[in-house]
Each structure stands twice: as C-alpha cells, then as structure tokens.
Amino acid sequence: MKVRYGIVGVGGMGSGHAKALQSIEEAGLAAVCDIVPEVAEAVGTQYGVPYCTDYHELIDRADVDAVMVATPHYFHPEVAIYAMEQGKPVISEKPISVTVSAADAMVQTAKRTGVPFGVMFQTRTEPIWRAAREIVESGRLGEIYRTMLVYADFRSQAYYNSAGWRATWSGEGGGVLINQAPHALDRFSLLGGLPSKVTAFTATRNHTIEVEDTAAAMLEYPNGAVGYIYCCTTEAPGTDIMEFSGEYGKLQIVGKQIRFWQIPQGVKGYSDSATQMWGDPQSEEVPVELPECETGHAAILRNMARHILHGEKLIAPGVEGIRTVELINAIILSGKTGEPVSVPVDRARYDAFLTELVKTSRRKDSGPDIRVTDSFHH
C-alpha cells in the first residue's frame, strides 16, 4: 500500500523531493523526468528508477500513481493538467502558475476530473502556522480589521546570474513576488483572506534584473479592513512578520515566535459601551500551544499519499494555490500601471499585460545554468 510518485523536473527542488520520498512509509519513487538528459539519468541512476526527458512518458507509466511537478513556473499548468487528465493525482511546486488564468485551468481540471490536486506549500506544516490557522479558523480573532506582512529577504547578483531564465519575464514571470514570497503570501492569504483591491508599488532596487526585487501594497478587504504587504530581496538580516488584528483578538508571528492576545469584550464592543473618555478594552496574552507534527516537504508528500490511500484531508489543496497567484498578479499589475487593481484580477487584462512584458524579455547571457538545490530558502 504505497503511492508511487513520478517527479517531473529533478534539477532543483525535484531532487530534494526524490530524497524525501526515501523516508516515507506510505510512498516511494517510481520514475523521474528532466528536460536535460544528463540530469534525468543522474537522478534516475542514483535512486535506481527509470528516467526520461518527456513528461508524457513518465505520466503514462503504469507504475506511476501520482506526479510531483517541480519544473520552472511556466510549465506547472501544462504538466499538471496532462497528469490530471490521465487520472494521476498531482502536487505542483509553488506557485501553481504564473497567471491566474492558468491557475483557473488547473483548478477547473481538478474539479472536472475529480483527481486529487495539491500544492507544495510545506511551510503550512510547521507548528506555528498550524497553531495560527487553528486560532483564525476557530473564530478567536473575530472579524479581522487589519492585516500586515513584511517578508524581507536577500539574494545576491550571483544568485540571479546563476541561470539565464532567472528574474526574467519570459523565464519566471516576475521577481520576488513569484519566486521568494509565495510561501509567505500563501500563509498570509490563508489566515487573512484575499483583499478586494490592491494599490501597489514595485521597483528593481539593488539588482540588474528585468523584474521586481521590491514590492509594497496597500490592501482593501470586502469588510472594510485594511492591510499592508512588503516583500523584497534587498535586506539583511531578513525579516518575516505577520500580524492580524480583529474584534476579539490580535495574532502576531515574528520569525518562529507566535503571540496571541484575546479581548473578551471586543474592541468595538468596548468602544460602544464605554462611559469614560479614557480607557482601553481589556486584553490578555494567551499562551499558544504548538502541536508536535511532521514538517517540510516530506509532510506534504506523505499527506497526499495518505489522502489517496485513506482519505486524509489535504494540508495544501491545489485549489487554494490560486489565492497566491491572485495576490502576485494584482501587485505586479498595480505596481507597473500605477493604478489600483481589483481582486479577482481581470484574467484577460493580465494575460495581455504579461504578453507585452515577455515580448521584450531577454534571457541573460551569464554562462551555463547552475542547478543547485537551495538548502535553506525553501
């Protein structure tokens, strides 16, 4: 009773997934595929499994039960949709697509075929994020009035020069938002929901690249709440902060620390009933209990296997991956046009906008691509 995975794209994170599968009781590695023959052969030989350069060949194999898609972003929809059409469950690397229209096609295929579809948002498995999700979903914050995300990271010019497709409109479809920030944007939208309007600023500050290395956005939510996002690859040391302020509580996550304050009377409840000019609603910090659990890529791979075998609920359903793409597309479009952008994003408008950027995009002439699995920026 094992789910046999085939991995498409093993030159980067795919090789990490191949390694992770060696320690998962409910799953195993059946075959690998990479467009570079030498890479496919090396990984296939390392794990003693068949290898190929055509993803159709891998997906069509009878001994492949599920497919892990770890190609560059633009190819996620093409490979995932083919796999689902063949009845093969899919996990896509993040983000599920470059555009919301392509994400729509993936989600629609999953719904039409009924094939399990997941996304590799492995940071959802970490104890602090499981605890944060429980706090929000149990209603302990009440109505959310404000959201905030600061995800400031660092990448060197050498990193961007490591491959001709990196940080180009034609190769990645964006910069920090689509490459470094998707995990943070996923957790942010999972806890705070999607805004209805985005007003953004994007810039290329410290790198010689086509796409943004800095992005900031003001958010407006359907209930009147406001929010703020800041993402970059220009800061050291890094900063990772989220905050959600609601009627009955405030949730704050700074790095690996989580804090929660409860406000029994409610912020507006106190304000409406107060008879004194000065005063604040009573608040109390409540310890947050962190669950003991498996984390990382292996947890998502195991979870999909257990979903297939035993019906276990998916930790990161692919249908939820569209939220991250909505945010990415909205911020990029608003930042480039200088205009507010409504969410859901206008699919046709964004496709036309990106097509124009791709027309002028140029692959960097920086030597052969360096394929090295990142050991700390997952």
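## Helix α9

Helix α9, residues 182-192, is largely enclosed by the rest of the structure, because 11 of its 11 residues are buried. This is a predicted model. Buried here stands for under 20% relative accessible area.

The buried residues of α9 are P182, H183, A184, L185, D186, R187, F188, S189, L190, L191 and G192. After α9 comes G193, which has a positive phi, near 80°.

## Helices α4 and α5

Two packed helices are described by the angle between their axes and the distance between the axes. Helix α4 covers residues 76-85 and helix α5 covers residues 100-113. Their axes come within 10 Å and cross at roughly 10°. Angles under 35 degrees count as roughly parallel, and α4 and α5 are therefore roughly parallel to each other.

On the α4 side, the contact is made by H76, P77, A80, I81, M84 and E85. On the α5 side, A102, A105, M106, T109, A110, R112 and T113 take part. By class, the residues of this contact of α4 with α5 comprise eight nonpolar, three polar and two charged.

## The second largest pocket

Rolling a probe the size of a water molecule over the atoms shows where empty space is left. The second largest pocket holds about 180 Å³ of space.

Its lining consists of R124, R130, R133, E134, E137, K313, L314 and I315.

Technical notes
Residues numbered from 1 in each chain as written. Predicted model: local features only at pLDDT ≥ 70, side-chain atom pairs only at ≥ 80, totals over all residues. Heavy atoms only, no water. 1 Å grid on protein atoms, 1.4 Å probe; cavity = no way out; pocket = protein on both sides within 12 Å on 5 of 7 lines; lining within 4 Å. Points joined across faces, edges and corners; volume = space filled by probe spheres on them. Axes fitted to C-alpha atoms, helices over the stretch in contact; angles between N-to-C directions. Helix = DSSP H or I, 4+ residues; strand = E, 2+ residues; numbered from the N terminus. Parallel < 35°, antiparallel > 145°, perpendicular 65-115°, else oblique. Contact = heavy atoms within 4.5 Å. Nonpolar A, V, L, I, M, F, W, Y, C, P; charged D, E, K, R; others polar. Buried < 20%, exposed > 50% of the residue type's maximum accessible area, 1.4 Å probe, protein only.
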